[in-house]
Amino acid sequence: MPAAGGREVPCRCGPAGARTAPTLLDRPPSREDTSVSAARPHTTLRALAAIAALPLLLTACGYGSESTDDGGQAEVAADAEKLSADEVRIGYFPNLTHATALVGVQEGLLQKELGGTKIKASTFNAGPSEIEALNSGSVDIGWIGPSPAINGYTKAAGKNLRIISGSASGGVKLVVDPDRIKSLDDIKGKKIATPQLGNTQDVAFLNWIKEKGWKVDAQSGQGDVSVVRTDNKITPDAYKSGSIDGAWVPEPTASKLVADGAKVLLDEADLWPDKKFVITNIIVSQTFLKEHPDVVEAVLRGSVKTNAWINANPDDAKASANAALEKLSGKALPAEVIDPAWKSITFLDDPLAATLGTEAEHAVKAGLLEEPNLKGIYDLAPLNKVLKADGKDEVDDAGLGAE
C-alpha cells in the first residue's frame with residue numbers, strides 16, 4: 001500500500017539522471033499520510049476555499065512540503081564525547097505516527113545516546129521532500145512511511161537509502177457518517193475520502209474495494225465507490241459540509257472526524273495478521289550508514305529506548321508527543337482527539353518487513369506501481385546488534401535485506 005507520513009512519486013530519474021521504471025509517484029508529490037492534494041469535483045466550495053488558503057496556513061504552522069527546523073534539540077553536555085560525526089541531521093513528520101522521533105527529541109532520549117554529536121532536526125509534511133533531502137545530503141536519517149521509502153528506493157535503483165528499523169504500526173481507520181452508512185456494504189455508492197492518489201491509505205482502500213468485488217478506476221477514483229482524494233487538513237470541513245460520506249484516513253484525522261460526529265466502521269489493523277502493519281519506518285542514507293555506522297547505531301539505540309519508554313509510560317509519552325506537536329504547529333491536540341488516536345498506534349522496533357512487501361503488492365494490483373525489486377531495501381544488522389545488546393529478540397527482513 002505504498003505510502004505511516006501521500007502518493008509520493010518524485011521524478012523518474014535515478015541519482016545520475018538515468019531513467020528508471022515508473023514508480024508510485026508519477027503524480028504531484030504530497031504529504032506522506034496527510035498529503036496536500038487537489039480537491040475532486042465532490043469537494044465543496046468551502047473545502048476549495050480552504051485548499052486555496054492552505055499554503056499560507058501551512059507556512060504559518062510550520063507545515064508544508066519544505067522542511068522546517070524542529071528547534072527542539074536537547075542541549076549537549078560540554079564534556080560529552082563526539083562520535084564520528086559532529087552532527088546528525090534527522091527528519092520526521094509532525095504526526096502522531098512519528099511519535100518515536102517527536103518524543104525522542106522532546107525528552108532528549110536520542111541526544112543522550114549520541115553524546116557530543118549534535119542532533120539537527122527538521123520536520124517534513126511530504127514524503128518526496130524528505131526523500132529529496134536524504135538524497136541531497138541535508139538529512140541523514142529519517143522517519144517516513146512505507147510508500148515514499150519504496151518509491152525512493154526503486155526510483156534510485158536501490159542506491160540511495162536503506163530501511164534500518166521500524167517505528168510504528170496501525171493508526172488508520174475507516175470512519176463514516178452514521179446517518180448515511182450503517183454497514184460496510186453501505187460503502188458502495190458513497191463518497192469516501194483518502195489523503196491522496198496512491199498514498200498508503202488510498203492504496204489500502206482501493207485494495208479493500210477490490211476484495212469486496214466492486215470496481216473503481218484507480219486514477220479517477222470513480223466507480224462503485226467514489227474515492228475523493230482530499231488533504232487531511234481539509235477532510236474535517238468536507239465531512240462537516242456533507243461533501244463526503246466518510247474517509248479512510250490516518251490518525252489524528254480519523255479521531256478528528258469522530259469528534260465531529262463520525263463513527264469508526266473499520267480499523268485497518270483488523271485486516272492484517274496479528275493486527276500489525278508498518279506505518280512508519282526509519283531510513284538512512286547509504287552513504288551516511290557507510291561513513292558513520294557508530295552514529296547510526298546510536299540513533300537506533302535512542303529509538304529503541306524511546307519506544308520502550310513510550311510503551312512503559314503511555315500517558316507521559318502522549319503528553320510529550322502533544323507538547324512537541326504544539327511546539328511545531330502552535331496548537332496541541334484536544335483530549336477527545338489525541339486520546340483515541342494514541343491508543344490505536346503501536347510503537348515498535350520491528351519494521352514488519354513482510355507487510356511492506358504486501359503493501360507494494362496491493363499498489364501493483366491497483367495499477368499504481370510497476371512490480372518493484374525490493375531486495376536490499378532493508379539493512380537490519382545495526383538494529384539487531386542494538387536489540388541483542390538490550391536482551392531483546394532480533395527482527396527479520398522477510399528476505400528483503402541487503403546482502
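Asp245 lies in the loop that runs between α7 (235-241) and β9 (246-250). Helices (H or I, at least four residues) and strands (E, at least two) are DSSP runs, numbered from the N terminus. This is a predicted model, in which local features need pLDDT of at least 70 and side-chain atom pairs count only at pLDDT 80 or more, while totals for chains, interfaces and linings use all residues. Residues are numbered from 1 along each chain as its sequence is written, and side-chain values use heavy atoms, with hydrogens and water left out.

With a relative accessibility of 4%, Asp245 counts as buried; buried means under 20% relative accessible area, exposed over 50%, and partly exposed in between (1.4 Å probe, protein chains only). Its side chain makes a polar contact with the side chain of Arg180 at 2.4 Å. Such a contact is a pair of N or O atoms within 3.5 Å; within protein, one must be able to donate a hydrogen and the other to accept it, and residues adjacent in sequence count only if both atoms are side-chain atoms. Leaving aside residues up to four places away in sequence, Asp245 touches Val176, Asp177, Arg180, Ile181, Lys190, Lys191, Ile192 and Tyr239, where contact means heavy atoms within 4.5 Å.

Five strands form an open sheet with mixed pairing, in the order β8-β7-β9-β6-β10. β8 (226-229) and β10 (263-267) are at the edges with a single partner strand each, so one side of each has no neighbour in the sheet. Two strands pair if DSSP finds at least two bridges between them. Strand β6 (residues 172-176) runs antiparallel to β10 and is joined to β10 by four bridges. Val175 has Val264 in β10 as its bridge partner.

The structure also holds six aromatic pairs. Rings of Phe, Tyr and Trp (its six-membered ring) pair if their centres lie within 6.5 Å; planes under 30 degrees apart count as stacked, over 60 as edge-to-face and the rest as tilted. Two of the pairs are listed here.

| Pair | Centre to centre | Angle between planes | Class |
|---|---|---|---|
| Trp272 and Phe277 | 5.5 Å | 15° | stacked |
| Trp342 and Phe347 | 5.1 Å | 40° | tilted |

Trp272 is buried at 9% relative accessibility, and Phe277 is buried at 0%. Trp342 is buried with a relative accessible area of 7%, and Phe347 is buried with 4%. Elsewhere, ring pairs link Phe205, Trp208, Trp214 and Trp248 into a cluster.
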